[in-house]
Amino acid sequence: MDSLIKTIEDLSLNAWPSHQIELYDGWILRFSYFYTHRTNSVEQIGPSTIPVPEKITYCEEVYRHWGTPCIFKISPLLDPSFDQLLERDGYVIEHITNVMTMNLSDLTRSSEEAAVAISSFIPPRWIDSLFALKGTTNVMHRMVVPSMYRAIPKETVCASISDESGQIIATGLGIYDREYIGVYAIHVHPSYRHRHYASSICRAILREGIHLGASKAYLQVVNGNEAAIRLYESLGFSYFYTYWFRTKKLI
């Protein structure tokens, strides 16, 4: 099981690059002006040679310089003692996330699918529409995030649904890596929900993943988002593992 978790963790790092990174003794420090926890946190990708408490102090100093919280991603691959060490040091749990996977041979068609536009690249218009759907107004985020999407090193499946005027009102992004298609950025305008738009986009991405050569799929969903979890289960996804973030605000 650990090897499969490691594979998904590697795929997710490839799928969502940070604005900047720093490698530090088997840890990767990610910086994105706190756009998301994933792209603004420390992940362990190799063994340590420096004492862990010393490394934590170093990370805190670096993130303090960036003016953002110091965040560590905690996955099942880590020794539980590391999570306990952070807890004793005042780090709190935020953003618990479930990883779900499926075999694409289980994908079925639905009679209630909307028309989905698919592109092999991510146009600026799609990113601007995603910002609008997420309510992203932070000036720095709007400056650096487009470059993060352009930095994705794998094949992408950019999906959207537009209204009668041509305005994008639903988005999704697939990222093909090895035998997996990852499903990301599923957002639907509140006025257009309950019309099967999210499921239509997911199905379109998964089918395009099969066309590219994928046999499996994965996605990440915030723990407690029951509506999204039910949607993904209806598509054939099932729970695989959970990760979370330990966060400490720095003075």
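Biologist: With which side chain does the side chain of Glu-43 make a polar contact?

Modeller: The model under discussion is a predicted one. Glu-43 lies in strand E3, and Arg-30 is among the residues in contact with Glu-43, once neighbours within four places in sequence are left aside. Between the two side chains there is a polar contact of 3.2 Å, and the partner of Glu-43 is therefore the side chain of Arg-30.

Biologist: Is Glu-43 buried or exposed?

Modeller: Beyond its neighbours within four places in sequence, Glu-43 is in contact with several residues, including Glu-9, Leu-13, Trp-27, Ile-28 and Lys-73. Its relative accessible area is 6%. Buried means under 20%, so Glu-43 is classed as buried.

Biologist: What is the relative accessible area of Thr-39?

Modeller: Thr-39 lies in the loop between strand E2 (27–31) and strand E3 (42–44). Not counting residues up to four places away in sequence, Thr-39 touches Trp-16, Pro-17, Ser-18, Arg-30, Phe-31, Ser-32 and Met-148. Thr-39 is buried, and its relative accessible area is 0%.

Biologist: Which side chain is joined to that of Tyr-184 by a polar contact of 2.8 Å?

Modeller: Tyr-184 is found in strand E9, residues 180–188, and is buried, at a relative accessible area of 9%. Among the residues that Tyr-184 touches, not counting those up to four places away in sequence, are Ser-12, Arg-38, Leu-173, Tyr-218 and Gln-220. The side chain joined to Tyr-184 by the polar contact of 2.8 Å is that of Tyr-218.

Biologist: What distance separates the C-alpha atoms of Tyr-184 and Lys-154?

Modeller: Along the chain, Tyr-184 and Lys-154 are 30 residues apart.

Biologist: Is Ala-185 buried or exposed?

Modeller: Ala-185 is found in strand E9, and its phi is near 55°, a positive value in a residue other than glycine. The relative accessible area of Ala-185 is 18%. The cut-off for a buried residue is under 20%, so Ala-185 is buried.

Biologist: What is the value that phi of Arg-178 is near?

Modeller: Arg-178 is found in the loop between E8 and E9. With a relative accessible area of 47%, Arg-178 is partly exposed. Arg-178 is a residue other than glycine with a positive phi, and that value is near 60°.

Biologist: How many residues of the contact of H4 with H5 are nonpolar?

Modeller: On the H4 side, the residues are Trp-126, Ile-127, Asp-128, Leu-130 and Phe-131, and they meet His-141, Arg-142, Val-145, Pro-146 and Tyr-149 in H5. By class, one residue of this contact is polar and two are charged, while the number of nonpolar residues is seven.

Biologist: Against which elements do the buried residues of H5 pack?

Modeller: In H5, the buried residues are His-141, Val-144, Val-145, Pro-146, Met-148 and Tyr-149. An α-helix has 3.6 residues a turn, so residues three or four places apart point the same way. The buried residues of H5 pack against H4 and strand E8 (168–177).

Biologist: Which residue caps the N-terminal end of H5?

Modeller: At this end of H5, a side-chain oxygen lies 2.9 Å from the backbone nitrogen of Met-140. The residue that caps the helix in this way is Asn-138.

Biologist: What is the relative accessible area of Val-144?

Modeller: Val-144 lies in helix H5. Not counting residues up to four places away in sequence, Val-144 touches His-19 and Tyr-33. Val-144 is buried, and its relative accessible area is 6%.

Biologist: Which residues of H7 make the contact with H6?

Modeller: The axes of helix H6 (residues 197–212) and helix H7 (residues 226–235) come within 11 Å and cross at roughly 45°. That angle makes H6 oblique to H7, and the crossing is right-handed. From H6, the contact is made by Ala-198, Ser-199, Cys-202 and Arg-203, and from H7 by Leu-231, Tyr-232, Ser-234 and Leu-235.

How values were computed. Residues are numbered from 1 along each chain as its sequence is written. This is a predicted model: local features need pLDDT of at least 70, side-chain atom pairs count only at pLDDT 80 or more; totals for chains, interfaces and linings use all residues. Side-chain values use heavy atoms; hydrogens and water are left out. Helices (H or I, at least four residues) and strands (E, at least two) are DSSP runs, numbered from the N terminus. Buried means under 20% relative accessible area, exposed over 50%, partly exposed in between (1.4 Å probe, protein chains only). Contact means heavy atoms within 4.5 Å. A polar contact is a pair of N or O atoms within 3.5 Å; within protein, one must be able to donate a hydrogen and the other to accept it, and residues adjacent in sequence count only if both atoms are side-chain atoms. Ala, Val, Leu, Ile, Met, Phe, Trp, Tyr, Cys and Pro count as nonpolar, Asp, Glu, Lys and Arg as charged, and the others, Gly among them, as polar. Axes are lines fitted to C-alpha atoms, for helices over the stretch in contact, and angles run from 0 to 180 degrees between N-to-C directions. Angles under 35 degrees count as roughly parallel, over 145 as roughly antiparallel, 65 to 115 as roughly perpendicular and the rest as oblique. A crossing is left-handed if the near helix is turned anticlockwise from the far one by less than a right angle, and right-handed if clockwise.
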